[in-house]
Amino acid sequence: MPVKRFLILTLVLVFVFYISVAQSKECSNPNPLHFSFMTKTNAIEQAQHYRSLLNFLEKKIGRKIEIILPTSYNTAIEGLLSEQIDFAEMGPAAYAQAKHRDSSIEVFATYARPQGTFNEEGVNYHSLLIVKANSPYKDINSLAKKKISLVDPASASGALIPRVLFSRNTGMPLENFFGGIVYSGSHERSAQSVLNGHTQAAFVSSALLDESIVQGMFNSNDFRVLWKSAPIPNEPTVYRNKLCSQLKEQIRAVYFNSGEEIAPLLSKLKAERFVPVNDKDYKIILDMSTLH
């Protein structure tokens with residue numbers, strides 16, 4: 001083979017190699033973006049609340065955002081892992097599960113809540129063990145062999161925290177202490193099951209119980225709290241790390257730098273402001289999820 005032809009062929013091969021490497025490292029710049037969220041009460045109503053924020057975000061970043069309605073806490077986990085969802089608000093335990101399966105998933109925001117009946121102001125909430133206020137159950141031991149409602153296996157306050165932290169109080173797994181466990185699918189349904197007498201107690205989020213009270217679903221004196229966990233960081237919003245840096249920065253700019261423009265949108269989410277966070281803020285949940 002002539003030297004000139006050999007050199008040309010070599011250059012072509014080198015060029016193809018570098019193009020393939022560059023493409024393999026190319027960031028993701030989807031249009032439209034896909035967003036999802038954890039189920040709190042009614043998914044369709046929640047989507048309407050998020051829509052105001054997402055419409056504002058669309059205007060700022062110049063691209064459409066479509067909502068993937070969740071069927072369970074697992075929707076956001078599997079959607080992020082399969083790259084069908086680009087960013088999502090998740091429960092802390094669901095985020096931890098996703099993070100353990102794909103370390104590139106990146107948490108960037110949570111929000112501060114106002115003072116409520118069961119929840120203090122700020123960026124934390126608690127897992128509560130609740131019973132009906134006029135029930136005969138006055139302490140943890142009185143619930144032995146009684147029926148309990150959990151929320152979802154991927155719920156921090158409604159499953160993970162009770163299984164890890166509450167079980168230390170009884171010295172045995174939940175299945176051994178209680179007489180039966182029912183997964184309700186949402187904090188609202190867990191609380192309702194207690195009021196209806198379908199279960200004698202439930203583990204729920206203090207913040208989401210407050211939201212249900214504000215919405216008129218329950219009264220503040222409907223429940224008695226028999227156990228309260230240590231503070232848990234509020235629900236994180238995460239995005240796929242493969243999103244282009246400029247796109248991620250545009251999203252962050254809307255969450256953190258929009259001032260008065262975003263205040264009315266936050267009120268629909270029962271929040272006061274967005275707060276920047278990172279993995280370290282969720283270390284307690286990330287560590288706990290490896291024990292369960």
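Residues are called buried when their relative accessible area is under 20% and exposed when it is over 50%. The structure described here is a predicted model. On this basis, the face of helix α9 turned away from its buried side carries the exposed residues S245, Q246 and N257. The buried residues of α9 are L247, K248, I251, V254 and Y255. Viewed down the helix axis, these buried residues fall within an arc of 125°, so they line one face of α9.

Helix α9 comprises 13 residues, 245-257, and spans 17 Å from its first C-alpha to its last, close to the expected 18 Å. Its buried residues pack against the strands β1 (33-37), β3 (87-89), β4 (106-112), β12 (237-239) and β13 (273-276), and against helix α2 (43-61). Just after α9, G259 adopts a positive phi of about 55°.

In one of them, the ring centres of F35 and F87 are 4.9 Å apart and the planes stand at 55°, so the pair is tilted. F35 belongs to strand β1 and F87 to strand β3, so this pair ties together parts that are 52 residues apart in sequence. Both F35 and F87 are buried.

A stacked pair is formed by F166 and F178, with 6.0 Å from centre to centre and 15° between the planes. F166 lies in helix α5 (residues 156-170), and F178 in the loop between α6 (174-177) and β8 (180-183), so the pair ties together parts that are twelve residues apart in sequence. F166 and F178 are both buried. One aromatic cluster is made up of F108, Y111, Y239, Y255 and F274; Y255 is also among the buried residues of α9.

Conventions: Residues numbered from 1 in each chain as written. Predicted model: local features only at pLDDT ≥ 70, side-chain atom pairs only at ≥ 80, totals over all residues. Heavy atoms only, no water. Helix = DSSP H or I, 4+ residues; strand = E, 2+ residues; numbered from the N terminus. Expected span 1.5 Å × (residues − 1). Buried < 20%, exposed > 50% of the residue type's maximum accessible area, 1.4 Å probe, protein only. Arc of directions from axis to C-beta. Contact = heavy atoms within 4.5 Å. Phe/Tyr/Trp six-rings, centres within 6.5 Å; stacked < 30°, edge-to-face > 60°.
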